[in-house]
Amino acid sequence: MQLDDHAEELASDLGVDKAEVKADLESLLEYNVPVEEAKASIRRNHGGDSGSSSSAPTAKSLADVSPDDGSVTATVRVLTKGTRSIRYQGEDQVIREGEFADETGIISYTAWEEFDFEPGDSVTVGNANVREWEGRPELNLGTNTTVAAATETVETPYEVGGDRDLIDLEPGDRGRAVEVRVQELDDRTIDGRDGETEILSGVVADETARLPLTDWDPHPELEAGASVRLEDVYVREYRGVPQVNVTEFSTVRPLDREVSDPETAPRMRVGEAVDTGGLFDVELVGNVIEVRDGSGLIERCPDCGRVVQNGQCRAHGDVDGEDDLRVKAILDDGTGTVTTVLDTDLTSEVYGGDIEDAKEEARDAMDKEVVADAIRERIVGREFRVRGSLSVDEYGANLDAETFEESGDDPADRASELLAGVAR
Ligand SMILES: [Zn+2]
């Protein structure tokens with residue numbers, strides 16, 4: 001049956017305007033609500049029988065809530081509450097998302113209306129719709145849902161509140177609070193849903209980890225070097241690593257203590273690191289087995305920074321390229337390989353000269369490749385310790401190096417470390 005037919009059927013059953021139910025139906029389907037459930041929900045909204053046997057919600061423990069339940073009533077503890085704005089039928093709508101828990105389990109919720117509850121509250125949620133999201137049940141609180149204070153505190157083994165260390169953040173987390181130091185922060189202009197928008201993009205750290213951050217509604221309190229408490233942030237995955245997202249609903253408050261950075265990055269085998277799918281901050285040790293093409297003295301597009309080949313940018317066509325230095329080196333430790341990318345400064349260090357020196361050498365030889373060759377001679381066949389950000393995607397496994405140092409490890413230490421690794 002087509003959407004139109006469903007709307008027709010609903011309109012005639014309920015004796016209402018077809019255009020009205022069709023619009024409701026469309027918006028529910030847009031949020032992946034199954035069509036039968038969407039129709040049942042519209043019937044309920046219009047005072048009709050939902051046509052479903054589970055129309056009278058039963059009180060349930062969270063462990064027993066299943067996607068097959070039409071709607072349920074549950075007495076729960078509010079663990080977290082996050083705020084987000086979504087575009088809904090061309091208009092911005094504010095929704096709240098988070099987690100409820102009881103003694104038996106935990107469940108995510110989305111509230112489409114404003115309800116009076118905060119993390120820590122014990123409440124009875126009446127007539128919440130259950131839907132399936134990524135294989136798990138989730139509660140939807142809408143116009144037909146009631147929320148009332150519970151008579152007793154709901155005991156739960158789950159942590160109340162959104163406070164977390166950076167290392168514990170996971171994609172999909174909502175309503176989180178973190179205390180961090182801003183390590184880097186840059187202004188960026190993006191082509192957002194409302195045209196060109198200014199955002200802030202950077203890196204934050206606490207004692208446990210470093211993670212990328214985006215502030216979609218630039219907060220003046222967020223500045224490089226500042227130690228701040230961020231409340232009501234959400235986490236999503238960007239190139240395999242969790243990213244902290246600050247929005248218009250988040251609060252940023254300066255702390256009167258200095259948050260310290262993690263001194264070391266977790267050290268991993270190359271194969272193990274690649275298997276994680278991406279790590280924002282990791283240390284790898286391996287041999288440089290090859291310096292790839294596109295290393296040495298290169299040209300970048302002045303508009304987008306992409307590497308220019310034969311005067312052509314992939315996005316901007318014919319451009320006047322700007323000189324730069326870069327190394328793409330393959331690092332191998334026997335368990336796997338990654339391409340380590342060195343920026344201008346790190347490349348200058350391994351080359352032993354700056355861009356002007358490289359241009360001069362290339363001019364003298366009448367060949368740019370001499371710069372890459374000089375770098376090859378210095379690093380191929382040697383062992384390096386690299387700390388940086390690893391992304392694993394359709395471009396392969398790439399490690400953006402922050403530090404790149406010849407490994408000064410004592411071979412005896414290394415041997416015992418390897419043996420320990422084997423025994424693990
Ligand atoms: Zn370009």
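Student: Which residue follows H5, and is its phi positive or negative?

Tutor: Glycine 352 follows H5, and its phi is positive, near 85°. Keep in mind that this is a predicted model.

Student: What follows H7?

Tutor: H7 is followed by glycine 381. The phi of glycine 381 is positive, near 90°.

Student: Now burial. Which residues of H5 are buried?

Tutor: Start with the rule: a residue is buried if 20 or more other C-beta atoms lie within 10 Å of its own. In H5, residues 344–351, the buried ones are Leu346, Thr347 and Tyr351.

Student: Why are they on the same side of H5?

Tutor: Look at the arc around the axis. They cover only 130°, which puts them on the same side of H5.

Student: What covers the buried residues of H5?

Tutor: The cover includes strands E18 (322–332), E19 (337–342) and E21 (396–406). It also includes helices H6 (355–365) and H7 (369–379).

Student: Which residues of H7 are buried?

Tutor: They are Val371, Ala372, Ile375 and Ile379. Seen down the axis of H7, they fall within an arc of 95°, so they line one face of the helix. They pack against strands E14 (278–291), E15 (296–300) and E18, and against helices H5 and H6.

Student: What does leucine 331 touch?

Tutor: Leave out residues up to four places away in sequence. Among the rest, leucine 331 touches Val270, Leu284, Gly286, Val288, Thr337, Val338, Thr340, Phe384 and Val386. Check a distance too: the C-alpha atoms of leucine 331 and valine 380 are separated by 9.5 Å, and these residues are 49 apart along the chain.

Student: How do H1 and H2 pack?

Tutor: Read the angle and the axis distance. H1 (residues 3–14) and H2 (residues 18–30) pack at about 125°, with their axes 8 Å apart. They are therefore oblique to each other. Their crossing is right-handed. H1 makes the contact with Leu3, His6, Ala7, Glu8, Leu10 and Ala11. H2 brings Lys18, Val21, Lys22, Leu25 and Glu26.

Student: Last, the whole chain. Which domains does the assignment give?

Tutor: The assignment gives domain 1 (3–45), domain 2 (61–149), domain 3 (166–254) and domain 4 (270–423). The centres of domain 1 and domain 4, taken over C-alpha atoms, are 56 Å apart.

Key:
Residues numbered from 1 in each chain as written. Predicted model: local features only at pLDDT ≥ 70, side-chain atom pairs only at ≥ 80, totals over all residues. Domains from an automatic or database assignment. Buried ≥ 20, exposed ≤ 12 C-beta atoms within 10 Å, placed from the backbone. Helix = DSSP H or I, 4+ residues; strand = E, 2+ residues; numbered from the N terminus. Arc of directions from axis to C-beta. Contact = placed C-beta atoms within 7 Å. Axes fitted to C-alpha atoms, helices over the stretch in contact; angles between N-to-C directions. Parallel < 35°, antiparallel > 145°, perpendicular 65-115°, else oblique. Left-handed = near helix turned anticlockwise from the far one by under 90°.
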